[in-house]
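User: I would like to go through the charged side-chain contacts and the sheet in this model. Could you take me through them?

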Amino acid sequence: MNSQSNLKNDVFLRALQCQPVPYTPVWMMRQAGRYLPEYRATRAKAGSFLNLCQTPELACEVTLQPLARFPLDAAILFSDILTIPHAMGLGLQFETGEGPVIQRPVRSAADVSKLGVPDPYQELRYVVDAVSLIRRELAGRVPLIGFAGSPWTVATYCVEGGSSRDFAKIKAMMYQEPSTLHALLKVLTRATIEYLNAQIAAGAQAVMLFDTWGSVLTPSAYREFSLAYMAQIVAELKREAEGRVVPRVVFTKGAGPLLAEMAKLECEALGVDWMTDLSQARQWVGERKALQGNLDPSVLYASPDRIREEVVKVLASYGKGHGHVFNLGHGIHPAIPPDHAAAMIQAVHEFSPKYHA
Ligand code: CP3
């Protein structure tokens with residue numbers, strides 16, 4: 001028996017394909033994370049964030065933690081978008097309170113020429129193993145999402161050497177030596193295609209590209225340095241596994257009107273942050289693609305009653321019809337009380353059926 005027949009809740013996969021669903025499915029970006037005390041305990045046991053990512057049993061444990069608490073409609077692999085530069089040998093550390101640090105940043109054509117495409121079954125084996133293990137432990141409860149960063153977003157960390165406010169180094173490279181940046185994006189693109197296809201082969205039932213920093217570019221630079229590479233990735237992903245379509249979600253935070261151009265991507269769904277109304281996004285995108293979003297993550301600081309009101313606003317903004325996956329507009333903040341996340345999820349399940357009648 002293939003494991004497909006095993007999937008008990010396929011509402012998320014159906015919604016991503018704009019198929020009829022009885023209610024709006026919901027999951028949260030960063031649903032396994034520091035707002036959960038049980039995550040902090042496992043992270044302490046692992047010793048470091050990277051160790052947590054690299055130990056399949058622990059990555060599996062934290063992936064399942066939010067599902068034990070909340071009736072979420074999808075699980076997301078616990079990992080990070082920086083596993084690829086790590087596997088390329090750039091040296092990655094997570095300093096407490098400072099975010100990621102790349103020890104050997106990429107600054108020149110010579111630096112880029114040293115980079116190879118990591119073998120997902122060698123250097124990134126721990127991710128593939130985590131995917132298989134999570135699928136086994138999920139036992140068909142909900143689908144598992146695999147993910148990677150967009151080449152542009154991952155490149156910002158590779159070139160800047162970590163998080164950045166102004167992206168000065170990578171933008172200087174973009175305007176002074178565009179061929180060097182293109183060479184870097186090209187190798188990241190190949191690596192990402194192989195990495196995501198390995199996640200799909202291991203059991204990821206949907207995949208998402210996180211383009212957190214695409215919107216720091218001008219629209220024309222966005223097309224050239226981010227969108228074009230994401231287009232290549234989605235076009236080269238395996239379409240089906242276990243007899244099912246593997247939906248592809250592309251999320252550029254801050255995309256705004258660029259969603260109209262993203263609508264031409266060969267993918268099933270687009271992520272929307274909280275700065276765009278879903279009704280507006282739906283007009284830009286048309287009925288061709290599902291939309292995933294877009295409650296402001298800060299709403300979860302409010303009281304449960306207030307959260308319920310804001311959930312209704314997001315549902316109403318999307319309006320009637322299928323093709324909506326409820327999510328936050330970006331990751332859940334570490335200081336959110338878990339029962340506020342519970343209130344959001346409960347409200348989505350309670351108030352969404354009438355939009356599907
Ligand atoms: O959504 C999920 O539950 C899956 C797990 C996931 C993580 N990172 C775990 C994580 C996903 C999908 C990511 C993606 C990611 N990582 C992005 C794109 C999405 C986004 O949030 O914009 C980016 C830009 C990164 C890079 C990254 N990883 C940064 C900048 C940081 C530090 C910021 C911070 O919040 O401290 C991380 C670390 C990280 N990745 C944590 C988690 C749970 C916190 C690490 C810890 O436990 O201390």
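**Salt bridges and sheet**

Analyst: In this predicted model, R306 is partly exposed, with a relative accessible area of 36%.

User: Which residue forms a salt bridge with R306, and how far apart are the closest N and O atoms?

Analyst: The partner of R306 is E310, and the closest N and O atoms are 2.7 Å apart. Both residues belong to helix 14 (residues 304-318), where they are four residues apart, about one turn of the helix.

User: Is E310 buried or exposed?

Analyst: E310 counts as buried, at 14% relative accessibility, because the cut-off for buried is under 20%.

User: What about E350: which residue does it pair with?

Analyst: E350 forms a salt bridge with R308, with 3.1 Å between the closest N and O atoms. E350 is in helix 15 (residues 338-351) and R308 is in helix 14, so this contact ties together parts that are 42 residues apart in sequence.

User: And how accessible are E350 and R308?

Analyst: E350 is partly exposed, with a relative accessible area of 39%. R308 also counts as partly exposed, at 24% relative accessibility.

User: How many salt bridges does the count come to?

Analyst: The count comes to 14 salt bridges. One of them links R135 and E242, whose closest N and O atoms are 2.9 Å apart.

User: Where do R135 and E242 lie?

Analyst: R135 is in helix 7 (residues 125-138), whereas E242 is in the loop between strand 6 (240-241) and strand 7 (244-245). This pair links distant parts of the chain, 107 residues apart.

User: Which residue in strand 5 is the bridge partner of I145?

Analyst: The bridge partner of I145 in strand 5 is A206.

How values were computed. Residues are numbered from 1 along each chain as its sequence is written. This is a predicted model: local features need pLDDT of at least 70, side-chain atom pairs count only at pLDDT 80 or more; totals for chains, interfaces and linings use all residues. Side-chain values use heavy atoms; hydrogens and water are left out. A salt bridge is a side-chain nitrogen of Lys or Arg within 4 Å of a carboxyl oxygen of Asp or Glu. Helices (H or I, at least four residues) and strands (E, at least two) are DSSP runs, numbered from the N terminus. Buried means under 20% relative accessible area, exposed over 50%, partly exposed in between (1.4 Å probe, protein chains only). Two strands pair if DSSP finds at least two bridges between them.
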